[in-house]
Amino acid sequence: MTSTLKVDEIKKMLTDAGISFDEKMKRDDLLRLLDEANQNDATPPEETDQAEEPKKKYVVVHDFKDLKDGNTIYIKGDIYPRRADAVVEEDRIKELSSTKNNIGKVLIKEQD
């Protein structure tokens, strides 16, 4: 089915699923995000029964290329991490939300 979807249809499906993406992403990358989201929907029941701590959300406050996430480019105002299902280590969050990174500037902050 996904092979017949148009870019606008894929973007709508991602938006409806609450998955953020870069408007400039190409069709194949959008499809990959959609496929990953669909795979995560098939989580075994024993994993969904556990009470999960709500994930903190972060917003980008300074443009940067994330060298530890496949060179993903983040622009001010983007959500970090781009993929809603991404697991980011606490140390990485601390690094990006402080000046102790390669750029020497605060790159993300927690969303209100």
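Helices here are DSSP runs of H or I with at least four residues, strands are runs of E with at least two, and both are numbered from the N terminus. The views that follow show a predicted model.

View 1. The protein has 112 residues, of which 26% are buried. Its secondary structure amounts to four helices and five strands, and along the sequence these elements follow one another in the pattern α-α-α-β-β-β-β-α-β.

**View 2. Leu30 in helix α2.** Leu30 has its place in helix α2, an element that spans residues 27-40. With a relative accessible area of 0%, Leu30 is buried, as residues under 20% are counted in that class. Val7 stands 23 residues away from Leu30 along the chain, yet the C-alpha atoms of these two residues are separated by 7.7 Å.

**View 3. The open sheet of strands β4, β1 and β5.** Three strands form an open sheet in the order β4-β1-β5, and their pairing is antiparallel. The edge positions are taken by β4 and by β5 (108-110), each of which has a single partner strand, so one side of each remains without a neighbour in the sheet. Strand β1, made of residues 58-60, is joined to β4 by two bridges, and these two strands run antiparallel. Strands of a sheet pair through backbone hydrogen bonds, in either a parallel or an antiparallel manner.

View 4. A pair of aromatic rings is described by the distance between the centres and the angle between the planes. The model contains three aromatic pairs. In one of them, the rings of Phe64 and Tyr74 have centres 5.2 Å apart and planes at 20°, so this pair is stacked, given that planes under 30 degrees apart count as such. Phe64 belongs to strand β2 (residues 64-66) and Tyr74 to strand β3, so that the pair links distant parts of the chain, 10 residues apart. Phe64 and Tyr74 are both buried. In another pair, the ring centres of Phe64 and Tyr80 lie 6.1 Å apart with the planes at 45°, so the pair is tilted. Because Phe64 lies in strand β2 and Tyr80 in strand β4 (residues 79-80), this second contact ties together parts that are 16 residues apart in sequence. Phe64 and Tyr80 are likewise both buried. Taken together, Phe64, Tyr74 and Tyr80 form one aromatic cluster.

**View 5. The second largest pocket and the contact between Arg82 and Tyr74.** The second largest pocket has a volume of about 390 Å³. It is lined by 22 residues, and those closest to its centre are Asp69, Thr72, Ile73, Tyr74 and Arg82. By residue class, the lining of the second largest pocket divides into nine nonpolar, two polar and 11 charged residues. Two of the residues closest to the pocket centre, Tyr74 and Arg82, also meet in a charge-to-ring contact, in which the charged end of Arg82 sits over the ring of Tyr74, 4.7 Å from the centre of that ring.

View 6. Most residues other than glycine have a negative phi, and most peptide bonds are trans. Tyr80 and Pro81 are joined by a cis peptide bond, with omega about -5°, and Pro81 is placed in the loop between β4 and α4 (90-96). Asn71 has a positive phi, near 60°, although this residue is not a glycine; its place is in the loop between β2 and β3, where Asn71 is partly exposed with a relative accessible area of 43%. Asp66 lies in strand β2 and counts as buried at 0% relative accessibility. The C-alpha atoms of Asp66 and Pro81 are separated by 9.7 Å, while the two residues are 15 residues apart along the chain.

**View 7. Lys105 in the loop between α4 and β5.** Lys105 is placed in the loop that runs between α4 and β5, and with a relative accessible area of 41% this residue is partly exposed. Glu95 is 10 residues from Lys105 in sequence, and the distance between the two residues, C-alpha to C-alpha, is 9.8 Å.

Key
Residues numbered from 1 in each chain as written. Predicted model: local features only at pLDDT ≥ 70, side-chain atom pairs only at ≥ 80, totals over all residues. Heavy atoms only, no water. 1 Å grid on protein atoms, 1.4 Å probe; cavity = no way out; pocket = protein on both sides within 12 Å on 5 of 7 lines; lining within 4 Å. Points joined across faces, edges and corners; volume = space filled by probe spheres on them. Nonpolar A, V, L, I, M, F, W, Y, C, P; charged D, E, K, R; others polar. Phe/Tyr/Trp six-rings, centres within 6.5 Å; stacked < 30°, edge-to-face > 60°. Buried < 20%, exposed > 50% of the residue type's maximum accessible area, 1.4 Å probe, protein only. Lys NZ or Arg CZ within 6 Å of the ring centre and 35° of its normal. Pairing = 2+ DSSP bridges.
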